[in-house]
Amino acid sequence: MSRASANGIPPAEPWKRHVSPDPKTTPTVYTFFEKATSTWQYIVVDPNTSDAVVVDPVLDYDPNSGTISTDTADGLVSFIEHNNLRITRILETHAHADHLTAAQYLKKQLDGDIPVCIGQRITMVQKTFAPKYGLEAESLKNAFDVYFKDDEEFNLGCLSCHVLHLPGHTPDHVGYVIGKAVFTGDSIFNPDVGSARADFPGGDAEKLYQSMQRLLALPEDYRLYVGHDYPQNRDQMCFATVADQRLKNKHVKEGTTPSDFIEFRRQRDAVLGAPRLLHPSLQVNIRAGRLPPPDEQGRIFLRIPVRVDLHL
Ligand SMILES: [Fe+2]
């Protein structure tokens, strides 16, 4: 009996199953939309071998009750076991500020000591945020198993994968080019959503513009699978092709100048509030999905920094 069936969670139902039209060049991509945080999670499979990676899995967190649960992640585990996939890596695109990663939970649930991977500049993000939450930077050393260098290559079964550094939304942000499928995280959104904010620490609208250009310079039939979708008056979508993005991205289509984009982002970001799950997300995600250690009574606490000018 698998652990997933022990948890009683049936296999997650993919929103779409993008079966590879050509196993030499293209993975099969199963797409799972996590509605509470509008996050796309992906299971990317080499059809030749059934080797697979998981991209940006979500750990459920209810901020009102302070409850962390694993229904979403258990659905993925169950799907993986049901389809006899061999997960070789768990890939994070960046330190998310709007949801908790289930990377560590998946690693524990699945056999094989699967490496949790992220871009090498996660160490910058850890250095920025550790002091904000009273964490020792030293305690975050080696939190991840793999720190990808820019343009590093690795294999997914018979398919080659390429790590693209895509800074701007966050400094550590990377995308993963796996055959003709690109997992962009938050470096681009679907054409009618446009782009992500660039005002987090280490964010930079000019760099985001350049990262988007890098994606738009890929071959036009490549599919850009996004990290989130925020549909209005349509169903959620997980990808647009490079050709579609070049033509229709509402923030950076062909002809948009860097200064147009930077000015747009400056104005837009100035009126955005902090993400709802900012503090829990960062504290867990810079630990690669681990929770803070429990106290003597077994209680786990996350910290919420408070801004106040009063002395009370
Ligand atoms: Fe993000």
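Q: In which sense do E7 and strand E9 (residues 116-119) pair, and over how many bridges?
A: Let's begin with what you are looking at. This is a predicted model, in which local features need pLDDT of at least 70 and side-chain atom pairs count only at pLDDT 80 or more, while totals for chains, interfaces and linings use all residues. Residues are numbered from 1 along each chain as its sequence is written. Strands (E, at least two residues) and helices (H or I, at least four) are DSSP runs numbered from the N terminus, and two strands pair if DSSP finds at least two bridges between them. Here E7 and E9 pair in the parallel sense, over 2 bridges. To find the spot, look at Ile-90, whose bridge partner in E9 is Val-116.

Q: How many bridges join strand E4 (residues 51-55) to strand E7 (residues 86-91)?
A: There are 5 bridges between E4 and E7, and these two strands run parallel. A handy place to start tracing is Asp-51, which stands opposite Arg-86 in E7.

Q: How many helices and strands does the secondary structure of the protein come to?
A: The protein has 8 helices and 16 strands. Its radius of gyration is 19 Å, close to the 20 Å that the globule rule gives for 312 residues, so the protein is as compact as a globular protein of that length. That radius is taken over C-alpha atoms, and the rule is 2.2 Å times the number of residues to the power 0.38. Along the principal axes, the C-alpha atoms fill a box of roughly 60 × 55 × 40 Å.

Q: Which residues of H5 are buried?
A: A residue is buried if 20 or more other C-beta atoms, placed from the backbone, lie within 10 Å of its own, exposed if 12 or fewer, and partly exposed in between. In H5 the buried ones are Ala-205, Leu-208, Tyr-209, Ser-211, Met-212 and Leu-215. They sit on the same side of H5, because they cover an arc of only 165° around the axis. The arc is that of the directions from the helix axis to the C-beta atoms. An α-helix has 3.6 residues a turn, so residues three or four places apart point the same way.

Q: What do the buried residues of H5 pack against?
A: They pack against strands E13 (174-178), E14 (181-185) and E15 (223-226), and against helix H7 (258-270).

Q: Where does Ala-288 lie?
A: Ala-288 lies in the segment after helix H8 (278-285). Ala-288 is buried, with 23 other C-beta atoms within 10 Å.

Q: What is phi of Ser-38 near?
A: It is near 55°, a positive value in a residue other than glycine. Ser-38 lies in the loop between strand E2 (28-34) and strand E3 (39-45), and is partly exposed, with 16 other C-beta atoms within 10 Å. Asn-233 also has a positive phi, of about 60°, although it is not a glycine. Asn-233 lies in the loop between E15 and strand E16 (239-241), and is exposed, with 5 other C-beta atoms within 10 Å.

Methods: Two residues are in contact if their C-beta atoms, placed from the backbone, lie within 7 Å.
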